[in-house]
Protein chains: 2
Amino acid sequence: MKRLTFAALAGGLAGTLATKSFAAESQPSHTMPPGMEPPPGIQRIVMLVYPKMTALDLIAPQLLFASLMNVDVQLVWKDRNPVVSDTGVPIVPTQTFENVAASPTVIFVPGGTKGTFAIMNDADVLTFLQRVGPTADYVTSVCTGALVLGSAGLLRGYRATTHWVVRDVLGMLGATPVAERVVVDRNRITGAGVTAGFDFGLRMAAKLRSDDYARMLQLAYEYDPQPPFDAGSEAKAGAHIDGAVRSFYAPVVASAMEAAGIAHRRLAL
Amino acid sequence: MKRLTFAALAGGLAGTLATKSFAAESQPSHTMPPGMEPPPGIQRIVMLVYPKMTALDLIAPQLLFASLMNVDVQLVWKDRNPVVSDTGVPIVPTQTFENVAASPTVIFVPGGTKGTFAIMNDADVLTFLQRVGPTADYVTSVCTGALVLGSAGLLRGYRATTHWVVRDVLGMLGATPVAERVVVDRNRITGAGVTAGFDFGLRMAAKLRSDDYARMLQLAYEYDPQPPFDAGSEAKAGAHIDGAVRSFYAPVVASAMEAAGIAHRRLAL
């Protein structure tokens, strides 16, 4: 890293932020009144939230997006009543679909087993994604959020990834499934299951700011992972663990295929 | 792993859960009416939430706790109005302090820079933690949540960790700071900064269930971390990145020391 580049970066940050920490004073995501555009120089990050999503799919990327400074991070849904995550966390949307203007910097969809399959063919969700998605600089997801993007026709002809247990289902939606942690194909950027969200978020931070900015966030959030076990992929987990999780998820895969089948016919793929 | 042991585990899970996925059908954390105890066999996990907490500190452990089955995971605060995280995520508490009974299985405190220092000497928070904390099977935290536990006198004489930038502040609260990802000292279990929450949560899953149960959750949530950079600790990040983050966090450290100083005198340490 060139000293001058870094000094400019750090100085810029320090000047802009004065006494602020990365997270503590980020722009709250609901400061813009509904329907109002943020001022020039503020990038809009539009994150879908929905009932029975997996909150971690949303929250890890949200932390990194919100730490970029000069962003307006919106949590959007049909209305502003709390959506309860699949593990019981009530999260309040900050904007409704009709108030989200076209051409955000990022549109993002988290995953969440049952909740995902319920929205894959939801008319309001599809109308929203098909209106805003094609106008976004980046169309992104973590975990089964990719199946929602695919159901809206937004991954047709793109390489993409999702949670490993439903990865092949992407093929039914016109995408090419890829077994990687984060898949970048032009402006489609998709993360693998749940915990891939932090790796995804760092990749996005690097794209939207710089590699050094992402490294500062990695240190700020102490992302030096030390899993106490080594069972994070099918190969590493071994046949016994893998078999148990696969059988556990069998109904999830069935639901995913059913919803993807409906989307497949709707999209005339 | 013995086949019989695993078969019993997997069979038990399958029998209990039928078509449920790990997360999608976990017991919502707000199903118990205020003041009511869960039925026998249900373990209570009590998680503090508060304004300007870092949502990821809460959400990663919450996912793992809620995936243990037969748990009632509560998000507790003074009232049930949404608390807005330091990056603008509004989360609705599911219980209030006065409705949390003593002797939960776990009490947990997340971190969050400014929000943390505001509650370290908050009378309601201290009264709550000092009533329930000593009766919990496990007293736990991630990130600067440890400073809140310490301010309530709950880490006196224990080894503990917190976010690296304020690790030494633990000493002012009668604890012994330890530079490890997750520190276990008897029933005090503390995680390092922010992203340590998933490593912490897997350790807790192993303690409360079994190593194989934790491995299944690791695979289910695809925790096979692949950071795009290697800057997650001061040593790895290098002097330039480290210096920028340290200067960025200087006011945070000052706030932490000020709050810890007040707690130090209050606790007559």
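A crossing of two helices is left-handed if the near helix is turned anticlockwise from the far one by less than a right angle, and right-handed if clockwise. Keep that in mind for the exercises below.

This is a predicted model, in which local features need pLDDT of at least 70, side-chain atom pairs count only at pLDDT 80 or more, and totals for chains, interfaces and linings use all residues. Residues are numbered from 1 along each chain as its sequence is written, chains are lettered from A and ligands numbered from 1 in the order in which they are written, and side-chain values use heavy atoms, with hydrogens and water left out.

**Exercise 1. Get to know chain A.**
Task: Find how many helices and strands chain A has, and what percentage of its residues count as buried.

Solution. 
- Step 1: Chain A holds eight helices and 11 strands. Both are DSSP runs numbered from the N terminus (helices are H or I with at least four residues, strands are E with at least two).
- Step 2: Of its 269 residues, 61% are counted as buried. Buried means under 20% relative accessible area, exposed means over 50%, and partly exposed is in between (1.4 Å probe, protein chains only).
- Step 3: Now take the contacts in chain A between residues at least 6 apart in sequence: 69% of them join residues at least 24 apart. Contact means heavy atoms within 4.5 Å.

**Exercise 2. Follow helix 6 into helix 7 of chain B.**
Task: Describe how helix 6 and helix 7 of chain B cross, and say whether the crossing is left-handed or right-handed.

Solution. 
- Step 1: Two packed helices are described by the angle between their axes and the distance between the axes. Axes are lines fitted to C-alpha atoms, for helices over the stretch in contact, and angles run from 0 to 180 degrees between N-to-C directions.
- Step 2: For helix 6 (residues 196–208) and helix 7 of chain B, the axes cross at roughly 145° and come within 7 Å.
- Step 3: With the opening definition in hand, the crossing of these two helices of chain B is right-handed.
- Step 4: From helix 6 of chain B, B:L202, B:A205 and B:A206 meet B:D211, B:A214, B:L217 and B:Q218 of helix 7. This contact has five nonpolar residues, one polar and one charged. Here Ala, Val, Leu, Ile, Met, Phe, Trp, Tyr, Cys and Pro count as nonpolar, Asp, Glu, Lys and Arg as charged, and the others, Gly among them, as polar.
- Step 5: Helix 7 of chain B is largely enclosed by the rest of the structure, because eight of its 10 residues are buried. Among them are B:Y213, B:M216 and B:L219.

**Exercise 3. Look across the two chains.**
Task: Find the angle at which helix 2 of chain A packs against helix 2 of chain B, and the angle between helix 7 of chain A and helix 8 of chain B.

Solution. 
- Step 1: The two copies of helix 2 (residues 55–66), in chains A and B, pack at about 155° with axes 9 Å apart. Helix 2 of chain A is therefore roughly antiparallel to helix 2 of chain B. Angles under 35 degrees count as roughly parallel, over 145 as roughly antiparallel, 65 to 115 as roughly perpendicular and the rest as oblique.
- Step 2: The crossing of these two helices is left-handed. By class, their contact has 10 nonpolar, no polar and no charged residues.
- Step 3: Helix 7 (residues 211–220) of chain A and helix 8 (residues 234–266) of chain B pack at about 80°, with their axes 9 Å apart, so the two are roughly perpendicular.
- Step 4: In this second pair, residues including A:R215 and A:M216 meet residues of helix 8 of chain B, among them B:I241 and B:Y249. The contact divides into eight nonpolar, no polar and four charged residues.
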